[in-house]
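I opened the model to look up two things.

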Amino acid sequence: MAMNKLLIRTFWIFIFLGLIACSHDDSSEPLILSSEKKILSFQLPIDGAYVEGSINQDDNIISFNTTGQDLNGLKPKITYSEKARISPSESAAQNFSTEIAYTVYAEDGSTAVYRVNVNNRQLSTEKQILSFVVKLEDEDVEAVINEDEKEIYIDVGSHTNDFETAITISEKATIERIGDSFDYTKPIEYKVTAEDGSYAIYELQVNKPNIDGAAGWVERLLFFPGAEVIVSGKFLDIDENTTFYLENSSGTRIFPQITKKESYTDDFARTEMYITFMEIPDNAPTGIYRLVVEINGYTLTYDNFDILNEEVPRVSSSEKTEYHLNDTLVLHGTNLKPYIMIPDNGSRYLIFNTGSVHVEVNEDKTELRFVMDYHYDQFFWPEEVKNVYLMDEDRRIGESIELLFK
């Protein structure tokens with residue numbers, strides 16, 4: 001019995017000594033906290049996918065390069081050191097259009113600050129055609145670009161479907177032809193699209209017709225019905241298939257009749273010039289008109305045709321059809337006025353009463369007489385058919401009659 005008690009007492013002594021030993025070991029090994037505080041990976045959602053940023057661990061800078069992105073409200077994916085924590089939270093959406101700072105807290109309480117910078121280049125808005133060159137046989141011809149009107153002009157003469165083009169456009173832009181037509185006698189459109197999706201439409205105008213001038217025989221736009229209008233311009237090939245008319249401010253249209261056409265080619269300038277003669281119809285009301293010509297997809301206009309349909313001079317006949325020097329020119333008609341004009345050898349002779357020239361009209365205004373003396377001997381060499389045009393004191397041109405001068 002005494003032996004049992006001794007054994008029990010001894011057991012508890014060993015237990016007590018063991019506890020003392022354990023307590024002594026714990027106090028000799030202090031707890032070590034982690035000092036790691038690195039961002040190991042930083043990703044942003046760009047265009048539907050997460051993109052990895054470049055991390056400079058020396059400067060604690062995280063960099064991204066993007067183009068035309070909306071950087072507001074992005075939630076990053078961040079990997080950082082084990083046992084560390086980060087602020088602001090990776091689950092918090094941020095506006096990365098400005099620099100964002102993230103603080104990483106190590107387990108031991110030390111910190112590191114990382115700065116996130118996104119270089120977000122804005123999409124280019126440039127959408128210009130900078131040059132447009134046409135290759136004609138062995139020659140490169142540069143077109144004229146009207147940037148305000150977004151129009152491109154070039155004359156190629158007869159090479160309308162026989163050339164290649166070289167086009168320079170804004171950096172990062174793209175270009176496409178609108179439609180499938182290669183008929184360069186009509187306007188062709190090109191669409192230039194900028195990097196940001198905006199676009200501009202340019203119209204290529206090859207051999208664009210143009211009204212260079214319009215006048216009567218006295219280079220004024222004053223007309224009576226029956227007068228001849230002279231319209232000239234490059235590539236202005238007006239014919240019976242062309243829509244052309246005179247229109248006043250109230251919308252009234254009158255339709256002149258083509259009486260004659262002339263043309264010539266300028267090979268050096270690669271142009272074709274046309275001169276069209278047209279007659280104002282008898283039913284044209286008094287008013288101010290503009291000429292409208294619709295040709296090859298273009299609408300051309302020329303303003304300020306002044307037509308007077310009152311006391312219109314008319315010529316019905318001449319006393320003779322053939323005249324010689326010193327003859328008296330005699331015209332019959334109605335509302336005749338003592339003013340006539342005779343074109344000769346590129347000049348235009350306006351004939352009316354002066355100190356040495358006498359033009360007479362009877363009281364009824366039905367007969368005009370004019371003595372063609374030595375002052376006008378140039379009319380008769382060489383022999384030629386000429387038009388004699390009626391006028392008034394304002395040099396308003398009227399109808400004409402053909403006579404032979406010999």
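My entries on charged side chains follow.

I am working with a predicted model, in which local features need pLDDT of at least 70 and side-chain atom pairs count only at pLDDT 80 or more, while totals for chains, interfaces and linings use all residues. Residues are numbered from 1 along each chain as its sequence is written, and side-chain values use heavy atoms, with hydrogens and water left out.

Entry 1, salt bridges. I counted a salt bridge when a side-chain nitrogen of Lys or Arg is within 4 Å of a carboxyl oxygen of Asp or Glu. The search of the whole structure gave 21 salt bridges.

I found Asp306 in a salt bridge with Arg396, with 3.1 Å between the closest N and O atoms. Asp306 is in strand 25 (residues 298-307) and Arg396 in the loop between strand 33 and strand 34, so the pair ties together parts 90 residues apart in sequence. Strands here are DSSP runs (E, at least two residues), numbered from the N terminus. For exposure I used relative accessible area: buried is under 20%, exposed over 50%, partly exposed in between (1.4 Å probe, protein chains only). Asp306 is partly exposed at 22%, and Arg396 is buried at 8%.

I noted Asp327 as buried at 17% and Lys320 as partly exposed at 32%.

How values were computed: Helix = DSSP H or I, 4+ residues; strand = E, 2+ residues; numbered from the N terminus.
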